Amino acid sequence: MSAEVIYGKQLAEDLRQEMKEEVSDLHHRGIRPKLVVVIIGEDPASMSYVKGKQRASEKVGMDSDLIELSEDTSEKELLDLISRLNKDESVHGILVQLPVPDHISDQKIIEAIDPRKDVDGFHPENVGKMLTGQDTFFPCTPYGILVMLNRVNITLEGKHVVIVGRSNLVGKPVGQLLLNENATVTHCHSRTKDLQSHTKKADILIVAAGKPSLITGEDIKEGAVVIDVGVNRVDGKLTGDVDFESAKEVASHITPVPKGVGPMTITMLLHNTIKAAKRIHN
Ligand code: GUN
């Protein structure tokens, strides 16, 4: 068997085409959705991510600003900037690229962003709303995975979803979102004993551990859906957390790296920014 490859990139392009029309409609109503991305320091990977976010915003016709701050920016300076952006009515979405330098508390920064402008869905108020099944901004990577599974008609109700990785950005929230869809969810992590005994039981296996080739075909149940969230650079080449070649012989569906989950993350950021603009003006 060779799995059907789920190209998030193609789906992302389709969704962004729809968003372009939505943004244009909003412009006609005098609403200009605007995203502000803040980056501290010059980490090349983070810089490449934020440039991608900004380019994508502009491509759908959205206003976007990139604020680049030096590595030695103080926590107070960053909090003051967020306070100004919170008050600025032309700004609908605020994203501070993580990680921030060690002398700044990422949690303090997340909590300083107005929850109505928290297009990352990281603010505790929005996390709480997601946990209790309310409408809110969902974190972009988990939300992108949910949309991708829906688009390829994968039923979630009653399915056993196994997640490898328990980060606040991906592992924990994706489990919650899929639990809200009535899946049965198991969370695995670096201290899990006998990882394979869990992954082998998954109908849907989501891997977000940051370890190249952590999962191979031998760890996957025949016919499982495999979602690879890993972004690792090995010998200059981007690879996921799943060994694609062996996994695709066992899985029914699999996402590649690149062109899989990554483009969906940015697309859901655009979705959340449009949602923020519509909410503020309604
Ligand atoms: N760093 C890596 N992924 C993300 C993300 O989705 N949002 C933010 N703010 N920082 C990140």
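1. First, the ground rules. This is a predicted model, where local features need pLDDT of at least 70 and side-chain atom pairs count only at pLDDT 80 or more, while totals for chains, interfaces and linings use all residues. Residue numbers start from 1 along each chain as its sequence is written.

2. The overall picture: the chain has ten helices and eleven strands, taken as DSSP runs numbered from the N terminus (helices are H or I, at least four residues; strands are E, at least two). The radius of gyration is 19 Å, close to the 19 Å from the globule rule for 282 residues, so the chain is as compact as a globular protein of that length. That radius is taken over C-alpha atoms, and the rule is 2.2 Å times the number of residues to the power 0.38. The C-alpha trace spans about 55 × 40 × 40 Å along its principal axes.

3. On burial, 42% of the 282 residues are buried, meaning 20 or more other C-beta atoms lie within 10 Å of the residue's own, with C-beta atoms placed from the backbone.

4. Helix 1 (residues 8–28) and helix 10 (residues 261–281) have axes that come within 9 Å and cross at roughly 20 degrees. Axes here are lines fitted to C-alpha atoms over the stretch in contact, with angles from 0 to 180 degrees between N-to-C directions. The two helices are therefore roughly parallel (angles under 35 degrees; 65 to 115 is roughly perpendicular, over 145 roughly antiparallel, the rest oblique). By class, their contact has twelve nonpolar, four polar and three charged residues. Nonpolar covers Ala, Val, Leu, Ile, Met, Phe, Trp, Tyr, Cys and Pro; charged covers Asp, Glu, Lys and Arg; the others, Gly among them, are polar.

5. Helix 10 also meets helix 6 (residues 140–151), with axes within 8 Å and a crossing of roughly 105 degrees. That makes helix 6 roughly perpendicular to helix 10. This contact has nine nonpolar, five polar and no charged residues.

6. What angle does helix 6 make with helix 7 (residues 171–180)? About 40 degrees, with the axes 8 Å apart, which makes helix 6 oblique to helix 7. Pro142, Tyr143, Ile145 and Leu146 of helix 6 contact Pro173, Val174, Leu177 and Leu178 of helix 7, a contact being C-beta atoms, placed from the backbone, within 7 Å. By class, that is eight nonpolar, no polar and no charged residues.

Terms used:
A residue is buried if 20 or more other C-beta atoms lie within 10 Å of its own, exposed if 12 or fewer, and partly exposed in between; C-beta atoms are placed from the backbone. Two residues are in contact if their C-beta atoms, placed from the backbone, lie within 7 Å.
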